[in-house]
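Look at the sequence and the structure below.

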Amino acid sequence: MRFSESWLREWVNPDVETDDLSHRLSMAGLEVESVEPAAPGFSGVVVGEVISVDPHPDADKLNVTQVNSGADEPLQIVCGAKNVAAGMRVPVATVGARLPGDFKITRAKLRGVESLGMICSASELGLADSSEGIMPLPVDAPIGEDFRRYLDLDDHCIEVDLTPDRGDCLSLMGVARDVSAIFSCDLHETTAADVPVTSDSSIEVMLGAPQACPGYLCRIVRGIDPAAETPLWMQERLRRGGMRSLGVVVDITNFVLLELGQPMHGFDLDKLSGGITVRMANEGEKLELLDGGEATLNGETLVIADDDKALAMAGIMGGAATGVTQTTKHVLLESAFFEPLAISGKARSYGLHTDSSHRFERGVDPALQRRAIERATALLLEIAGGSAGAIIEARADDFSVEPEVIHLRRSRIERLLGVAIDDEIVSSSLQRLGMSLAACNDGWMVTPPSWRFDLSIEADLIEEVGRIYGYDNIPQTHGHLSLTMHLPPEAGFSLERATNLLNAREYQEVITYSFISPEAAGHLHPHGEQITLANPISADMSVMRPSLWGGLLETARHNLARQQERIRLLETGLRFNQQDNEIKQEKCLSGLLIGTRAAEQWGEATETVDFFDLKGDVESLLSLTGSADEFNFVAAQHPALHPGQSARIERNGRAVGWLGLLHPKLEKSFGIKGKAYLFEIVLSKLEPGSIPAFTPLSKFPRIRRDFAIVVNREISFARVEQVIRQSASEIVQDIRLFDVYTGENVESGRKSLALSLILQDKSRTLGDDEVQKASQQVLTALETNLGATLRES
């Protein structure tokens, strides 16, 4: 919310400087984001009147003017603006004046004609980004008056950053109420008497969606002057509030928006067909908006319509077809109350965000509409003339603005704030905020005002007392709390150790959004039900991620586009899947690997990472459980992974995760150039681990037996190792694979595995017979279970 300090001080004027005002607002919860001058620095500019305009004798596009600046003699000024005319009141920079950008006005000659100053445009004074011609002033502007003093430009523009629950402060009136309470000073509200009804014009209004719009007011104003211009004082207040002047009707509705916080809209009455209906849009209905865009509406969007078509997206933006223009003579003013839930998220779903939707989403005072339409009507009649019809009001039968009464106990105030506050301060603070109080034995019965949606329980009222009393005034106290230390289980899996291990292997930790696009979710989890957000940040972030891979791949794409070709990423976070009509959340550890094994160097050839590099990293992670022998990798297919380079990670037969190469079809979809290897492990399935235990080293020698077996190609070493461990005697301490061969002397479809058995006993030296028996026992088991044969050559 941005507003003019001088405008605020017309409502409430505490005896403090701007800095103190800003600090106290921030400490009361209305965080002041910025305080800026209302206009850049300039001096020597006065109000002048153009007496005459004559063509320049030596330049077609220049004029020689005589200007009354309040001095003894008129000033001769050469001016090139097309709109300069005799009788105009204008800002005049006299000789010696300094304009924004440290531009000094000096006596000069333009094409041989002396010029003693400059007639200024709004942009030259820093009051607009661009402007056409000089800045016209009202005909009653006092000649010779200092221009800064005339427009009160030594003002400040204050911008406050409000939390979503303080929609009542999205207006000057709302901020003024808080200032009145903070500084205990009087509030001078703008009052507007009911406008006399001078026209019998009326229109039928029907509420077709009373739950979404329980209150709708409108009024017809006929015969306004299309040529009327917005007064300079109103243009300045809009400018200082961050708005442009867009014509008298729009400016008045925007002015009321800033002043009272009620969004309004003006329709060109001649462009309407029949009455007004507030209804839900028809599916696929189209509406051309005031910003030039076209919206295809869905059935959950509330619209204002006539008998033929939708006129506006309720609470968001009007339609171009019925908007007021420079030729509009008859206006329908709208002032409505829309339920916040009916508007919330709708603007963003169409890629819009407007001042109107910003306020309706947070809640507008349901009792404000009549006051706002009376205020807007009075301003319109004053500025553009016309005759006003009666206010037409449509309200839902069950619509009520009466809030619930809340019991506030003084003992509870002291308990929550830690300080006893005088009853007079409590009651004064709450009353200045618009609340009604009735004293009772232990405190007060408080009725919140209609504009405070955020006050529903006793603690809310105590928060109001605390922030108005001043958090700086609450003494610091040290709380007392008995702490119990809980040690992590010694056998538990340590995520910190896991991330440190991956960091040591050059993985960099990232944090990505939990939301991804529907397309990405469909690629990663094509057979699962997507969990769609009701109020997404954007269309590309509208689905809860079924896997952390979406964020990792997007991060990789971003880095690849910036010539980072060697990428190692890890992330821990939640993934979300629909299961048994509930959303299942699982904390996962995921990683991504792209590029070369090592950074480019002279001592090692450049090699691209492969499946086994990733598998080695994952095996190191699993070893942190202390139960590495419980895990194995089973060749399996995952829809997001290459069917020939993917594996399911299992623990004692139960799936704990996946790893593999990104499917080639998805590389283009995710914008990945090159091969990307991924893994994902569900952290809860790594529990429990086991505690390493020391085994005494044998004093007796080890014996190694090497042999090569031939098995079918699809049989993995993990399966071979499993058969050996299940069949081998106790003296077989280790199994090592030191060569894999396919080629000459090996049948097609089979492969040769060269194995080493390490044999050792803890109590004695092994004999040849024992070693031979143990080796033969292993070979027999391999032949029986896997069809393995001993390779002879």
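In which sense do β25 and strand β26 pair, and over how many bridges? The two strands, β26 being residues 443-447, pair in the antiparallel sense over 5 bridges. Strands and helices here are DSSP runs, of at least two residues (E) for a strand and at least four (H or I) for a helix, numbered from the N terminus. Two strands count as paired if DSSP finds at least two bridges between them. Strands of a sheet pair through backbone hydrogen bonds, either parallel or antiparallel.

The model is predicted: local features need pLDDT of at least 70 and side-chain atom pairs pLDDT 80 or more, while totals for chains, interfaces and linings use all residues. Residues are numbered from 1 along each chain as its sequence is written, and side-chain values use heavy atoms, without hydrogens and water.

β25 and β26 belong to an open sheet of 3 strands, in the order β24-β26-β25, with antiparallel pairing. Its edge strands, β24 (406-409) and β25 (436-440), each pair on one side only. From one strand to the next the twist averages 30°. Within the sheet, Leu437 stands opposite Val446 in β26.

Helix α12 (residues 423-432) lies across β24, β25 and β26 and runs at about 0° to β26. Helix α13 (residues 458-469) lies across β24 and β26, at about 55° to β24. Such angles run from 0 to 180 degrees between N-to-C directions, with axes fitted to C-alpha atoms, for helices over the stretch in contact. Contact means heavy atoms within 4.5 Å.

Leu408 is, with Leu8, one of the residues with the most contacts inside the largest nonpolar core, which has 73 residues. Such a core is a set of buried Ala, Val, Leu, Ile, Met, Phe, Trp, Tyr and Cys residues joined through side-chain atoms within 4.5 Å. Buried means under 20% relative accessible area, exposed over 50%, and partly exposed in between, with a 1.4 Å probe and protein chains only. Leaving aside neighbours within four places in sequence, Leu408 is in contact with residues including Val426, Leu430, Val446 and Leu461. A second, separate core of 41 residues includes Leu272, Leu289, Leu311 and Ala394.

Finally, Leu125 is found in the loop between β10 (117-119) and α3 (147-150). Is Leu125 buried or exposed? Leu125 counts as buried because its relative accessibility is 0%. Not counting residues up to four places away in sequence, Leu125 touches several residues, among them Pro40, Phe42, Cys120 and Phe147.
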